[in-house]
Amino acid sequence: MPAVTAAPCTGCAECAGVCPTQAIALAQDGARTDVSLDRGLCVGCNLCVETCPTGTIATDRSTRTATRRREDLVLSNRAITPRPAAPSGGKPFRRSLAVREVSTGDSAADLEVIATTNAVFDVARLGVQFVASPRFADTLLVTGPVGRAMREPLLRCYDAMAEPRLVIAVGTSAITGGLYRGGYAEANGVTDLVPVSSFVPGDPPHPWSIIHGILLGMGRDGG
Amino acid sequence: MTLNLPTGSRYQQTETTPEAMAETVRSQLKKPGWRLGHLTARVLANGRLALEALLLDTATGSGVICSAALPDGVREYPSMTALVPAAHWMERAAGEMFGLRAVGHPRWKTLRLHAPVWVPDLAPLESGASGTPIPCEPYAFMKVKGEGIHEIPVGPIHAGIIEPGHFRFSCMGEIITNLEIRLGYQHRGLERRLAEAPLAQTRFLAESASTDTAAGNALAHAVAVEQMLGVTPPPRAEALRTIALEIERLANHIGDLGALAGDIGYNIGPTLFPPMRGAALALAQTLTGNRRQRWYIVPGGVARDIDDARRGEMIEGLNALHKQVRRHVPLILENPGVLDRMEGCGRLSSALAKDFGMVGPAGRASGGRYDARAAFPHGIYPAGAPVAARYTEGDVLARARVRADEIESSIAIIRALLDDLPVSPARVEIAGVLPPNAAGIGVVEAWRGELIHWITTDETGRIARYAIKDPSLNNWTGLAIAVRGNLIGDFPVCNKSFNLSYCGNDL
Ligand code: SF4
Ligand code: SF4
């Protein structure tokens, strides 16, 4: 996914111009330009990286892309004021997690979620299993932008889960609606519907990123 | 409403009336090799609505757009489903999206916009059309009556990791007597978005019609746009696009075979096949920089070229994968225990498959010969199209065999192209505006079958209508018919043997 580096930005605004989802915002601060890039909107098309003449926006190959807070998906070249540590998703799930997936319109993300269970990615060795009923589930894992018709089924599934429970938003469209955001179908993602414990950006995210998001939800990965 | 189609174009337009439309379409479809590509509507410059059928000649890779303007304020027209069964889901979709009523349709109900989630008079694509849209009616499932009949509702959320949709089974004991499939849960307003967004954003939206078919959708979009602009992509681009399309087919067919075995409890499927699918996705990653080949195919060519080092890596990976395919596919398809479960299960007759215009592996497993690669230009095709894999039994096994054959042919195509990649640029610049009153039609054999992106511009060159016909729009009915008389317990394996797209239908 694209990342913002310390290389000084000339303020040419090429990156914001090519971005299909308005994920990039520029602000003038005296002589310098602040660049912020919201991975919660980014579909990973790489156009900004290709256009940026200064390397201020560059590719970051890391698959540890998930965050616990929505605002941490916004990358910036502004001097970073340290934020308080994000609250952990909760220790009860440190050793095992039962996950109920709800898909709402991103079949590639579904395939990548399935891939986490195969022998290569093997999420089961971390104590994570996918379950059929929300009654057995600790975690609601959502893919797709949650258009109007999936809102009620999704909320019913959430309500059927015992507390404490987590929600993991997998993929750009699940986080914000991505390309669909703002249309009549109100497919604006899951973030405003239920409290989300971890956000996994990407369209679709790599299976390692999905596992990273699950680990963050469990309160692992240093959490 | 007359379109500006250049002479010598593969597509021509005929104009007719709403009353004569069904007969015009039917008589054209009687000619050998013709099929209904799509049926939808469009808002004309004067604010009226026009019905439009896309009729395709699968022998020559050309077609006819049959247009019929509705009089001002008129919202009804005689349904053509009774004469042309392949139109029945298409008429329902056009009905709710444009506020139309197909009078005499045998099962008139919504396809995507079910009340009460959607307000009954919302017709998202009719804006600008004069007259009041006809409201969608409340959805009622078909009731099967008789002693001992019970209903099993499943979904929208299913037990596994899969897209949402509702299946309503009517069963006698464990035998399915009827299945009604209600989709629409993932309606995202894509077609309207496509007509509103700036052209630079269009390809991103077009590709997202179903994200598991990124190469197929992006290619159908690119073909349609290039056709309108009169652009021919360079030969290297055509080869690279074909490789991407075939990798998508390879990866998904391998995944499907493994999942089919898994659905009958044969563990070789879920154990050996996902890593093989992963090996196919690794080819995609090397080619495009992305396992799912997102944003790779663009109008004018492909987003990035390949160097010899990566090309060599792909050839090596492909050869290793081919060895595994040869070893593992027979474990499923030459195994008496598997054959016992797949043979005769979920049978769809050739006659019904033809009536409903079935496409892709499901169509070719029921005797169909249609493979869009043999007719319509996309990538290196129609030159270099493989011999269509074809079976006539129409059961789960036949659908599995078509996939196994296509895995082999896709590997052969990818290998031949990698071995001898044309030397040319991988992309040409294209104009940023489309011509006025034009139509562009991309027909692609995606891994699920015939996928169509059909663009029509207005008098200023803006996209007035962007219609997408996913292969699943044809094939869902086939699934509903194929499971009749089968055990409810065999539904998962039947369903997987079709493996249709929900979001490609819902848009
Ligand atoms: S990579 Fe992301 S941020 Fe960059 S242009 Fe594409 S969508 Fe926008
Ligand atoms: S980040 Fe790069 S492309 Fe964007 S404004 Fe700065 S220099 Fe220009």
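A residue is taken to be near a molecule or strand if one of its heavy atoms lies within 4 Å of it. With this rule, 13 residues surround ligand 2, and the closest are C9(A), C12(A), A13(A), C15(A) and C52(A). The model is predicted, so to speak, from the start: local features need pLDDT of at least 70, side-chain atom pairs count only at pLDDT 80 or more, and totals for chains, interfaces and linings use all residues. Side-chain values use heavy atoms, with hydrogens and water left out, while residues are numbered from 1 along each chain as its sequence is written, and chains are lettered from A and ligands numbered from 1 in the order in which they are written.The shell around ligand 2 has nine nonpolar, four polar and no charged residues. Here Ala, Val, Leu, Ile, Met, Phe, Trp, Tyr, Cys and Pro count as nonpolar, Asp, Glu, Lys and Arg as charged, and the others, Gly among them, as polar. Around ligand 1 there are 13 residues, of which C19(A), C42(A), C45(A), N46(A) and C48(A) come nearest. That shell holds ten nonpolar, three polar and no charged residues.

Most residues other than glycine have a negative phi, and most peptide bonds are trans. The phi of A13(A) is positive, near 70°, and this residue sits in the loop between β1 (2-4) and α1 (14-18) of chain A. Helices (H or I, at least four residues) and strands (E, at least two) are DSSP runs, numbered from the N terminus. Two cis peptide bonds can be described in chain A: one joins E163(A) and P164(A), with omega about -5°, and another runs from D203(A) to P204(A), with omega near -5°. P164(A) belongs to the loop between α4 and β9 of chain A, and P204(A) to the loop between β10 and α6 (207-218) of chain A.

Chain A contains an open, parallel sheet of five strands in the order β7-β6-β8-β9-β10; two strands pair if DSSP finds at least two bridges between them. Because β7 (128-130) and β10 (198-200) of chain A stand at the edges with a single partner strand each, one side of each has no neighbour in the sheet. Neighbouring strands are turned by 25° against each other on average, direction ignored. Three bridges link β9 (residues 166-170) of chain A to β10(A) in the parallel sense, and A169(A) has F199(A) as its bridge partner in β10(A). Helix α3 (residues 107-115) of chain A packs on this sheet, touching β6 (97-103), β7, β8 (139-143) and β9 of chain A, and its direction makes about 140° with that of β8(A). Contact means heavy atoms within 4.5 Å, and axes are lines fitted to C-alpha atoms, for helices over the stretch in contact, with angles running from 0 to 180 degrees between N-to-C directions. Helix α4 (residues 148-159) of chain A packs on the sheet too, touching β6, β8 and β9 of chain A, at about 170° to the direction of β6(A).

In chain B, four strands form an open sheet in the order β1-β4-β3-β2, with mixed pairing. Its edge strands, β1 (11-16) and β2 (34-43) of chain B, each pair on one side only.

Turning to the interface, 41 residues of chain B are in contact with 44 residues of chain A. The buried area, which is the accessible area (1.4 Å probe) that two parts lose on being put together, summed over both, is about 3,500 Å² between these chains, and carbon and sulfur atoms give 61% of it. Three salt bridges are counted between chain B and chain A, each being a side-chain nitrogen of Lys or Arg within 4 Å of a carboxyl oxygen of Asp or Glu. A salt bridge brings together the side chains of R292(B) and E112(A) (2.9 Å, N to O).
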